[in-house]
Amino acid sequence: MDSKRSALSPRRGSGLEAAMDLARRRGDMEHGRRCGHPKRKRRALRHGPPSPLLPQAAFGRGPPARSQVANCCRGGVLSTFAQDNTSYLASFQMAVGGLGTYNASNYTMPMEFDVGVPGYTCGPPVEVAPSRFPLFGGRRITEAVGTWNVTCTYSQFRASPSPSCCVSLSSFYNDEVVRCPKCSCGCPGTMGYQCVDPEKEDPVIKLPADGGGQPLVRCSRHMCPIRVHWHVKLSYREYWRVKITIENLNFAKNYSDWNLVVVHPNLRSLAQVFSFEYRPLIQYPEFNDTGMFYGLKYYNDMLLQSGANGSVQTEMLLHKDPGIFSFADGWAFPRKISFNGVDCVMPSPDEFPELPRRAVGSSAAAAVGPKVRISYWVWSLLLATAALLLY
């Protein structure tokens, strides 16, 4: 049920880089023999991906600690560096026989690398400077015979022919709820999509043994496995409050170590976040309008499948920056939202919840300053007096 369980399942992002070390120097091998490590002969397959090992504590099936290498045994699950800098890296080690004396001119590096995750495309291996390995607290350093880097890039369009999330909007000053655009991720009965109506179907849903290629989602007008709702909740004198809800509508998948990236100009003045972790993603020094939200460890970092517990939510408090803050023209709503690296389908800006007509003038006056506010009330008084005289 884990969304990222695969042969090697990295968090989706702009790219992935893997380094391969051919072997360590002879001194390190001799040291291993002197320390009494027994030789083990294992038959290796000529083709096929390596299987990710589970941690030692996982059901007692992990490899013994004496045979583990650094950053091994992730169970096929990798996190982002921003969320957890201890589990964003995975490595494994294998022995290859019959190599003889290494010579770069007569050694052919394997090609056609693949991480086993849809959407990733890997380039050819490039030889770089040999890796160095510290031993015994840095008192000894060994060096690899050869090291290659393989860079894999991610494309949302190669991963799936359609998006996998959408955004809905609402506010305290407008009763209208802007729903996800129709057929955001697909339409019922097309593209192999399956949907389930809990009110009409049996309470027990039969899932495919292999998880299925397409998500099994709750029937809706948008047919997205993930729906993100942005609600402008309250307005204070110097702050305003937003509630974010992430709902999993997929009956066949959980999302572990999920993340949500939001683009909004007021994130530079974020005062407090409740129930989620937050980290700003500053791409340019002069802009701080992008941030990443993710769950608290062991609390809501696992987004369960569709059902009573299939959602997580938080609220955040933002300061009203003078000169730019306004509730008018949909300014309070996000410019872009991504879930697990996939861009969500946003409603059209002309559909954003609007201020009531009687509040538009006062909001604009409050945004530009006291002189315009006084002018606004003077004109209102003059119009009211003229109306009485005409009456």
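E351 sits in the loop between β21 (342-343) and α3 (357-368), with helices (H or I, at least four residues) and strands (E, at least two) taken as DSSP runs numbered from the N terminus. The model here is a predicted one: local features need pLDDT of at least 70, side-chain atom pairs count only at pLDDT 80 or more, and totals for chains, interfaces and linings use all residues. Residues are numbered from 1 along each chain as its sequence is written, and side-chain values use heavy atoms, with hydrogens and water left out.

E351 has a relative accessibility of 42%, so it counts as partly exposed; that label covers the range between buried (under 20% relative accessible area) and exposed (over 50%), with a 1.4 Å probe and protein chains only. Together with E176, D329, D350 and E354, E351 forms a patch of negative charge on the surface. Patches take residues with over 30% relative accessible area and no salt bridge, joining like charges within 9 Å and nonpolar side chains (Val, Leu, Ile, Met, Phe, Trp, Tyr) within 5 Å. A salt bridge is a side-chain nitrogen of Lys or Arg within 4 Å of a carboxyl oxygen of Asp or Glu. For the charges, Asp and Glu are negative and Lys and Arg positive, with His and the chain ends not counted; each charge is placed at CG of Asp, CD of Glu, NZ of Lys or CZ of Arg.

Y88 belongs to the loop between α1 (26-34) and β2 (120-122), and its 36% relative accessibility is why it counts as partly exposed.

That loop between α1 and β2 also holds E112, a non-glycine residue with a positive phi of about 55°. E112 is exposed, its relative accessible area being 79%. C183 also isn't a glycine, yet its phi is positive, near 55°. C183 turns up in the loop between β8 (174-178) and β9 (194-196) and, at 26% relative accessibility, counts as partly exposed.

Now for the chain as a whole. The protein chain has 4 helices and 21 strands, and 36% of its 391 residues count as buried. Among contacts (heavy atoms within 4.5 Å) with a separation of 6 or more, 68% come from residues 24 or more positions apart. The accessible surface of the protein chain comes to about 24700 Å², with 55% belonging to carbon and sulfur atoms; areas come from the Shrake-Rupley method with a 1.4 Å probe, and for residues only the protein chains shown count as cover.
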